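Open the structure in your viewer and keep the selection tool at hand. The stops below go one after another.

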Amino acid sequence: MSEVKDIDWFTLAAVGIVGGLICIYAAVVLNAVFKVNYFAFVAAAGAILATVWGADAVRRICKYGIGTGVPSIGMLAFGMGLLSTLLGLKVADYLIGQGTLTTTLVTGVPIALVLGPIIALILSLVQGAVVGYLAQNILKMKIPTMQMGMIFIAGAASIIYIGYFTLITGTFAYPTVISSILGTGFIAPVFMIGALPMLHPYNACLGPDEEQKRTLTLAVESSLMTTVIFGILSLAIFAVAPKSDIITPAITVVLGLIAWVIAYLAYWARVKESGTIILETGVLPKKEA
Amino acid sequence: MEPITLIIILIGITLAGTLVGLGVHFVPVGGAPAAMAQATGIGTGTTMLAAASGFIGLISAGITANDMNTGGQLAQYYPKFGPALTGGTLFSVSGITDNLGAFALVLVAGMVGAMLAMVLLAVVANVLYAFAIGVPLVSAKVKKDPITGDRQDLYVTKGTEGHGTPTVAVVSSLIGGALGGLGGSLIYVALLAGGFTIAAAAFGAIGVFFLNSVLASYNITGTIEGFHDPKFKRWPRAVIACSIATFVVAIWAVAIMYMGA
Amino acid sequence: MEELVVALGTAALMGACATIAGAAEDLESDFGSQSNANSQVQLAPQVGYVHRIYNKAICGEPVAYGFLCCSAAAVAFALMAAFSINQVLALALGALCASLMYGVYATTAYMGRLTGQKRFGQPIYLDILTTTTPSIIAHAFIASMAIAAFSYLLMTVLHHPFPFPILAMLWGILVGGMGSAIGDVHYGAEREYQNKPFGMGLPAAQSGKIIQKGEAGLRNSIDIAGYCVKHGGPLTGLGLGITVFFDNWREILFTQYFNGWGAMIAGLIIIALIVIFSRIIEVWARKTYGPYKTEA
């Protein structure tokens, strides 16, 4: 059996952080430059990259046998990531309110706003470091990858949150997040089906023959489903008066569906090429006694 | 917002998170083996069992707090609660002393909601164990039930660790549910008092609850039967870990409140 | 007086929706062999017992129902806000989107788990995938629509301050917990080991040796759900329905007494009655079944 080399997790972290932030900023900047909302779907790409990063980190932690199951890690990451992310976005809003750093890069995008996700990411990484230290040294989990892994999943959670906030509302400004995501209750699906693509891949592919590329393909497929659902949710923000814009949600949903079909078929192809017996139907295979 | 109020909120959230973490240790969790009648306890995972009951406590606390707020049906009995909440003085020293009755009611509402959900989870499962599986409800970790004095070991199937949820485990689950509900509703009220909107306070409470529930379940590593289980002696580690983790999260929350939530 | 009647009627309707939701939840998890019993289904090929049971390992039931119900509720909310369509239609469409997504997660979980264990020779049966997945989607639809519906009623008629997707998520987590604690026991301890003697727990040595043959032919997940619908499913529904109904009933009727403490005292009395009921069952079981071994 040939040993396929796994992608190094620091590479994936760089992809997640840099790629994620670039996609989120691109969505907001493109919308501001063209004075439309159509580019909200670009933020989904950022969330997907961060999900791939997070799913790999979950793999590395859980490979050592975590004892309570893989899903709790996702809940932990998103639970601790929420308030640090909100704080980062609030700092940006506070700075704008105080009038500092308000020179705009592009119309409608002050520097202070751009700083928000970066501060949110840093605070989440700090939170992850604290919890990782506690889990490893006080709760004595004895998992070598726990410290770094915990930092990574907290950071990934933060970027996933901001990516999906931007997908649904078109911006990550704090007042919009509070009224349109928390006030409507959409934070519940953002939490749950934002966390699920991060924890589902390893949990679903669990077993001695688990393979990184297949697991990460599943991460992309799951987060594309989430994108489609959030596209429908963004109807509540865009399709109401005064914006009355049905096109933005439609773009997100249609592009999401097309990309999802491709991703699902890619996953199916990987399952077939892995060598598992696939039978149309039949009785149990005879096993030697 | 006054600094003293913010510090009290900080301490309140940290304390609440620690209570949640402690409460998880009282809940009798059998996990997957319990669903196979191989272990005593309720058949859900540790994290999610505490979370399920704690959130029902949160729902009860939410509606009680709303009733006490200006315009609700209880506002006439607790007239100072609504103005203190909107004025941001609910957790100031004078706010707490003026509203002790209101606090007590909201926190007890959280406890009762959580205990109700928890006890139904345990007892309806017992109905199934007794009639559909046909086993007595016993624990293999003690020779006699500490509360009822019933002999346990003769009634345990050979090769298992017990089955069902005997009375000591049911009582332990009530304590666990009460602590979880208390913690959850305290976080909710603290965030609300700091100026968060209702939805933000509710989801903030949910996030902090998950954080503590998962850390406590890491401490337990699998299953626990309640306060009579030898694993229960590990609780100090969880208290330290949960309090530090919640303290950091509480700092973020208080920072948001300082900047005007 | 009229408000009280409307509120009580709503609480009763919520209890009924919750009962249906609980039963559908448990059956759906039996179709997919989710969470508890799944550990045995996962273990079986490793100890040599290959099978034709659906191995749906998305995450535990509470988390799964949390995400299913909050997605259904959120999509319903979005459709109501954007197009002002009728609430019932919006809830149905929301439940449809959420349960289709859930079905896709189920298929990827089945394929993924079996591929991760390919060395034990457990095949992926495409006919199991295609016949069982629609049942999973259907029951998920029933459960999520019922829970989104009663969360909506809780928010609009009983004036709960939380937004209704958050309420749906919280009740979804509870229904998952109920199914896991109650219904999965019927599947895991009884149906999965139907060829073992009745009236005892499962010794550790028997772990993984699940039943492979059914009444006629090989056992599959549809037979399992067909059995559990007779006891485990309705009992789960009853557990959830009682929780939902009593939590709201005590709130509605007794909040007016003792400055709001009436509802708390009512709750504590209900809890005490349930604990006494548990004790009665415990004593009955001990007396009727007797010990497994006598004092040596």
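Helices here are DSSP runs of H or I with at least four residues, strands are runs of E with at least two, and both are numbered from the N terminus. Residues are numbered from 1 along each chain as its sequence is written, chains are lettered from A and ligands numbered from 1 in the order in which they are written. This is a predicted model, in which local features need pLDDT of at least 70, side-chain atom pairs count only at pLDDT 80 or more, and totals for chains, interfaces and linings use all residues.

**Stop 1: a helix pair in chain B**

Select residues 46-68 of chain B, helix H3, together with residues 100-133 of chain B, helix H6. Their axes come within 7 Å and cross at roughly 145 degrees; axes are lines fitted to C-alpha atoms over the stretch in contact, and angles run from 0 to 180 degrees between N-to-C directions. The crossing of H3(B) and H6(B) is right-handed, that is, the near helix is turned clockwise from the far one by less than a right angle.

Now show the side chains at the contact, including B:Gly54, B:Gly57 and B:Ala61 of H3(B) and B:Ala109, B:Gly110 and B:Gly113 of H6(B). Residues are in contact if their C-beta atoms, placed from the backbone, lie within 7 Å. By class, this contact of H3(B) with H6(B) has 16 nonpolar, seven polar and no charged residues. Ala, Val, Leu, Ile, Met, Phe, Trp, Tyr, Cys and Pro count as nonpolar, Asp, Glu, Lys and Arg as charged, and the others, Gly among them, as polar.

**Stop 2: where chain B touches chain A**

Select both chains: 31 residues of chain B are in contact with 29 residues of chain A. Which helix supplies the largest share of the side of chain B that touches chain A? H8(B) does, with 13 residues; find it at 198-220. H3 and helix H9 (235-258) of chain B each supply at least two residues. The residues on this side of chain B divide into 20 nonpolar, ten polar and one charged.

**Stop 3: chain C**

Chain C has nine helices and one strand, and its elements run α-α-α-α-β-α-α-α-α-α from the N terminus on. Its C-alpha trace spans about 65 × 60 × 30 Å along the principal axes.

Color residues 2-237 of chain C as domain 1 and 255-296 as domain 2; these bounds come from an automatic or database domain assignment. The C-alpha centres of the two domains lie 28 Å apart.

How values were computed:
Two residues are in contact if their C-beta atoms, placed from the backbone, lie within 7 Å.
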